[in-house]
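Here are a few notes to read with the model open beside you. Take them one at a time and find each spot as you go.

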Amino acid sequence: MIYLDESGNLGFGERADKYFTLAAIIAREPDQVKRCIKRTREQKLPKKYKQIPELKFHNSSQTIRERVLKCLSKSDNEIAYVILRKEQVYPYLREERATLYNYMSGMLLSKIIKLYNLTGPLNLVIDKSLYNSQRDNFDNYLTWKASALGVSLNPFHPDSQQELGVQAVDYVAGAINHMYCGYGTHYYNIIEGKISILIDLFDGKGKDCVVNPSLLRPIRLRAASSFSGRSYNTT
């Protein structure tokens, strides 16, 4: 199981962030990932957070961010991410945001499959933010990339308000982007020990590296039937 989410945007205006992050949680134990959000919500929180339908990195306090990230850092799951240095993107690509997003997603997914030596069906869970042809293009492109590596991909696009795994990876992406944008390393340091793969575009001509080789242990993939819509979201 892989949860995927982004932080920042692919805008290139004067006020736009300089970085865009796409992060993945490689979930050996999906229940552990979801439990980090569930337990955080069950703890005593200020009233304003109880009224928010979905906790996200950007709308959370330092305490909540730390709770979620520390929980993830103690779980048997890993993190991979790709960071885009937007100032280095070719001008002609800046208007092709969907293509750029798909390219980054495909690169990250391919690297995970190769380095973890994944086989069999793979569930990819991503926030319901793509629609119609954009979603079809995304699914088709990533399915093709996975198929070329011998993996059958099953993309799912649930509402993040209902999918706790997607909420969890939002905190991971937020923590990473927070550091690159110059706001400090505090949150990044919490999860740094769980980062197995880093792809840096385009520092050093698309530099990529294995951050922690000891994390690249074989993963037993679950069948697609383990993702069962509403019942999956609430466990």
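1. In which kind of crossing, left-handed or right-handed, does α4 pass α5? Keep in mind as you look that this is a predicted model. The crossing of α4 with α5 is right-handed.

2. Now for the geometry of that packing. Helix α4 covers residues 97-115 and helix α5 covers residues 132-147; their axes lie 9 Å apart, at an angle of about 30°. Angles under 35 degrees count as roughly parallel, so α4 is roughly parallel to α5.

3. Next, see who touches whom. On the α4 side, the residues include Ala98, Tyr101, Leu109 and Ile113, and they meet a set in α5 that includes Phe138, Tyr141, Leu142 and Ala146. Sorted by kind, the residues of this contact are nine nonpolar, six polar and one charged.

4. On to the aromatic rings: the count comes to nine aromatic pairs. One of them is Tyr81 with Tyr180; the ring centres are 6.2 Å apart and the planes stand at 70°, so the pair is edge-to-face. This pair links distant parts of the chain, since Tyr81 sits in strand β3 (residues 78-85) and Tyr180 in helix α6 (residues 164-180), 99 residues apart. Tyr81 and Tyr180 are both buried.

5. Compare that with Tyr90 and Tyr92. Their rings are stacked, with 5.9 Å from centre to centre and 15° between the planes. Are these two tyrosines, Tyr90 and Tyr92, buried or exposed? Both are exposed.

6. Finally, go back to Tyr81 and Tyr180: together with Tyr19 and Tyr188, they form one aromatic cluster.

How values were computed. Residues are numbered from 1 along each chain as its sequence is written. This is a predicted model: local features need pLDDT of at least 70, side-chain atom pairs count only at pLDDT 80 or more; totals for chains, interfaces and linings use all residues. Side-chain values use heavy atoms; hydrogens and water are left out. Axes are lines fitted to C-alpha atoms, for helices over the stretch in contact, and angles run from 0 to 180 degrees between N-to-C directions. Helices (H or I, at least four residues) and strands (E, at least two) are DSSP runs, numbered from the N terminus. Angles under 35 degrees count as roughly parallel, over 145 as roughly antiparallel, 65 to 115 as roughly perpendicular and the rest as oblique. A crossing is left-handed if the near helix is turned anticlockwise from the far one by less than a right angle, and right-handed if clockwise. Contact means heavy atoms within 4.5 Å. Ala, Val, Leu, Ile, Met, Phe, Trp, Tyr, Cys and Pro count as nonpolar, Asp, Glu, Lys and Arg as charged, and the others, Gly among them, as polar. Rings of Phe, Tyr and Trp (its six-membered ring) pair if their centres lie within 6.5 Å; planes under 30 degrees apart count as stacked, over 60 as edge-to-face and the rest as tilted. Buried means under 20% relative accessible area, exposed over 50%, partly exposed in between (1.4 Å probe, protein chains only).
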